[in-house]
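Colleague: Could you walk me through how to read a few features here? Start with contacts, please.

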Amino acid sequence: MEIIRNSTQFSYFTLGAYVDTQMFKHLYFIIILSLYMFTVGSNVLLIVVICVNRSLHEPMYMFLCSLFVNELYGSIGLFPFLLLQILSDVHTVSAPLCFLQVFCIYLYASVEFSNLAAMSYDRYMSICYPLQYHTLMTSNKVALLIAVTWIPPLLAVCVTTCLSASLQLCGNVINKVYCNNHSIIKLGCHSTTVNNLYELTAASVTVCVPVSVILYTYTRILKICFSGSKQTRQKAVSTCTPHLASLFDMSHVPNMLRIFLSVYFLTCQPLFNPVMYGLNMSKIRTICKNLLLGSVGKSRIFIKIVQIEK
């Protein structure tokens with residue numbers, strides 16, 4: 001691997017974590033491609049189902065749609081890049097493309113936390129204030145919450161990316177399978193105090209604030225569950241279980257594949273969330289089932305018509 005010494009101008013980065021993946025690169029390619037196809041297909045299906053069916057135009061499903069859009073965006077920002085790098089013999093990426101990926105990945109992660117916080121707030125209002133829920137959670141308020149979910153992280157990540165792009169670097173080797181902002185900052189020739197402080201502050205705000213909202217709302221929901229009726233407890237469990245699972249489904253990570261260790265959050269969240277919400281939300285599950293059965297029925301009719309014509 002080539003390392004640029006004492007240089008402030010560079011046009012590419014070298015990704016050093018692919019050194020040990022060459023022996024099984026075709027196996028990795030097939031696995032990643034399968035994950036990518038399933039992730040895109042499932043997220044697109046659920047986005048279309050929610051947008052097309054007016055019965056799903058409720059706050060909870062609007063937040064889910066926003067979540068699925070972010071999962072789709074995150075997977076598109078990572079998977080094609082991984083597929084190209086796995087098959088490539090030279091693991092380099094141009095500087096503009098590298099910073100673009102930093103932007104995509106950081107925005108995806110920030111919006112993920114913000115979206116989960118908005119969803120937890122929606123569940124809190126639904127369970128703790130059921131009679132006032134539809135009055136409080138108006139369409140304008142839902143639109144505002146979704147905007148807050150996306151716009152502040154977008155601005156914060158823009159600043160992060162610009163600060164990193166303006167650094168004078170003394171190296172071009174990133175020991176990751178994708179472009180990572182912290183790795184780029186460590187390559188800086190001079191003081192990176194401003195970058196480190198801003199990244200720490202931005203990470204604290206985009207992670208700690210949403211997590212605090214999630215912890216507070218679910219603490220209140222648990223109190224309602226323990227003190228409320230059986231129907232209230234069932235409603236809380238049925239609507240909150242997928243959300244909690246999406247937060248804590250990273251407890252077990254297989255250690256066999258290094259590529260999965262470094263991109264677990266980025267690959268498995270977009271894959272698991274549509275499956276969990278598609279299977280656990282009865283309305284979505286029913287509509288998807290009817291859509292699938294309807295498509296199968298139409299295919300059978302078409303085949304019979306073709307056979308009759310022959």
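Modeller: Contact means heavy atoms within 4.5 Å. Leaving aside neighbours within four places in sequence, F38 is in contact with L271 and V275. This is a predicted model, where local features need pLDDT of at least 70 and side-chain atom pairs count only at pLDDT 80 or more, while totals for chains, interfaces and linings use all residues. Residues are numbered from 1 along each chain as its sequence is written, and side-chain values use heavy atoms, with hydrogens and water left out.

Colleague: How many residues apart in sequence are F38 and V275?

Modeller: They are 237 residues apart in sequence, and 10.0 Å apart in space, C-alpha to C-alpha. F38 sits in helix 1; helices (H or I, at least four residues) and strands (E, at least two) are DSSP runs, numbered from the N terminus.

Colleague: Why does F38 count as partly exposed?

Modeller: Buried means under 20% relative accessible area, exposed over 50%, and partly exposed in between (1.4 Å probe, protein chains only). F38 counts as partly exposed because its relative accessibility is 44%.

Colleague: Which residues make the nonpolar surface patch?

Modeller: Patches are made of residues with over 30% relative accessible area and no salt bridge; like charges are joined within 9 Å, nonpolar side chains (Val, Leu, Ile, Met, Phe, Trp, Tyr) within 5 Å. Here M23, F24 and L27 make one of about 360 Å², with areas from the Shrake-Rupley method and a 1.4 Å probe, where for residues only the protein chains shown count as cover. F24 is in the loop between strand 1 (12–15) and helix 1 (25–52), and is partly exposed because its relative accessibility is 43%.

Colleague: What about E71: is it buried or exposed?

Modeller: First, the term: a salt bridge is a side-chain nitrogen of Lys or Arg within 4 Å of a carboxyl oxygen of Asp or Glu. Lys and Arg count as positive, Asp and Glu as negative; His and the chain ends are not counted. E71 is buried yet has no salt bridge, and the nearest side chain of opposite charge, R123, is 16 Å away. E71 lies in helix 2 (residues 59–87), and its contacts beyond four places in sequence include Y108, E112 and Q269.

Colleague: What is the strand order in the open sheet?

Modeller: Two strands pair if DSSP finds at least two bridges between them. The three strands run 2-1-3, with mixed pairing. Strand 2 (92–94) and strand 3 (173–174) each have a single partner strand, so one side of each lacks a neighbour in the sheet. Strands 1 and 3 pair in the parallel sense over two bridges, and L15 stands opposite I174 in strand 3.
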